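Subject: Structure handover

Hello,

Here is the structure I said I would pass on. My notes on it follow below.

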Amino acid sequence: MKLSYLAKSLKSCGHDVTIINTDKQLCEMLSNSHEVLSICGDGTKSSVLESAGISSMDTVIALTGNDASNLIICEISKKQFNIKTTLSIVNNPQNINMFKELGVDKCISAIQIFADFIEQSSIA
């Protein structure tokens with residue numbers, strides 16, 4: 001499970017980790033197994049971000065499977081709560097430039113990384 005791995009990795013590096021997810025079972029599992037704060041809710045809602053303590057965070061990472069939701073999370077975080085750094089997974093590589101133009105600090109597209117890897121491997 002990607003989210004579990006990331007939570008464990010960040011926690012082991014000494015980061016405070018808060019997870020927001022609509023899946024209550026996932027939140028409970030992550031909270032219990034990795035000792036992270038888990039909030040069951042919609043991260044695109046300002047009230048949910050506030051209840052998660054966003055005002056004390058310096059970085060927000062948006063990892064939903066929906067680019068529009070990830071963009072909204074990053075925009076609210078940056079514009080409404082003045083979060084220093086926003087990172088987002090971008091499911092459709094064609095959206096990367098738009099994310100960057102709208103202020104998302106770091107964008108990662110697994111599909112783009114994989115395509116680049118294949119292209120580089122074919123050339124070598």
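Glu-35 is exposed, because its relative accessible area is 66% and the cut-off for exposed is over 50%. Please bear in mind that this is a predicted model. Glu-35 sits in the loop that links α2 to β2. Its phi is positive, about 50°, although Glu-35 is not a glycine. Most residues other than glycine have a negative phi.

Asn-82 also has a positive phi without being a glycine, here about 55°. The loop between α4 and β4 holds Asn-82. With a relative accessible area of 63%, Asn-82 is exposed.

Helix α2 covers residues 24-34, and its buried residues are Leu-26, Cys-27, Leu-30 and His-34. Viewed down the axis of α2, these buried residues fall within an arc of 100°, so they line one face of the helix. An α-helix has 3.6 residues a turn, so residues three or four places apart point the same way. What do the buried residues of α2 pack against? They pack against α1 (2-12), β1 (18-21) and β2 (37-40). Lys-24, Gln-25 and Asn-32, on the other side of α2, are exposed.

After α2 comes Glu-35, with its positive phi near 50°.

Thr-86 is part of strand β4, residues 85-89. Is Thr-86 buried or exposed? Its relative accessible area is 0%, so Thr-86 is buried. Leaving out residues up to four places away in sequence, Thr-86 touches Val-60, Cys-74, Ser-77, Lys-78, Gly-103, Val-104, Asp-105 and Lys-106.

Ser-109 lies in the loop between β5 (106-108) and α6 (110-123). Ser-109 has 3% relative accessibility and therefore counts as buried, the cut-off being under 20%. Apart from neighbours within four places in sequence, the contacts of Ser-109 are Val-90, Pro-93 and Ile-96. Ile-89 is 20 residues from Ser-109 in sequence, yet their C-alpha atoms are 5.8 Å apart in space.

Rolling a probe the size of a water molecule over the atoms shows where empty space is left. The largest pocket holds about 1300 Å³ of space. It is lined by 40 residues, and those closest to its centre are Leu-3, Thr-18, Ile-61, Ala-62 and Leu-63. Which element gives the largest share of the lining of the largest pocket? That is α1, with six residues. At least two lining residues come from each of α1, β1, β3 (59-62) and α4 (67-80). By type, the lining of the largest pocket consists of 22 nonpolar, 14 polar and four charged residues.

Best wishes

Definitions and conventions. Residues are numbered from 1 along each chain as its sequence is written. This is a predicted model: local features need pLDDT of at least 70, side-chain atom pairs count only at pLDDT 80 or more; totals for chains, interfaces and linings use all residues. Side-chain values use heavy atoms; hydrogens and water are left out. Buried means under 20% relative accessible area, exposed over 50%, partly exposed in between (1.4 Å probe, protein chains only). Helices (H or I, at least four residues) and strands (E, at least two) are DSSP runs, numbered from the N terminus. The arc is that of the directions from the helix axis to the C-beta atoms. Contact means heavy atoms within 4.5 Å. On a 1 Å grid over the protein atoms alone, a cavity is a set of points where a 1.4 Å probe fits but cannot get out, and a pocket is an open set with protein on both sides within 12 Å along at least five of seven lines; lining residues have an atom within 4 Å of a point. Grid points are joined across faces, edges and corners, and a volume is the space filled by probe spheres set on the points. Ala, Val, Leu, Ile, Met, Phe, Trp, Tyr, Cys and Pro count as nonpolar, Asp, Glu, Lys and Arg as charged, and the others, Gly among them, as polar.
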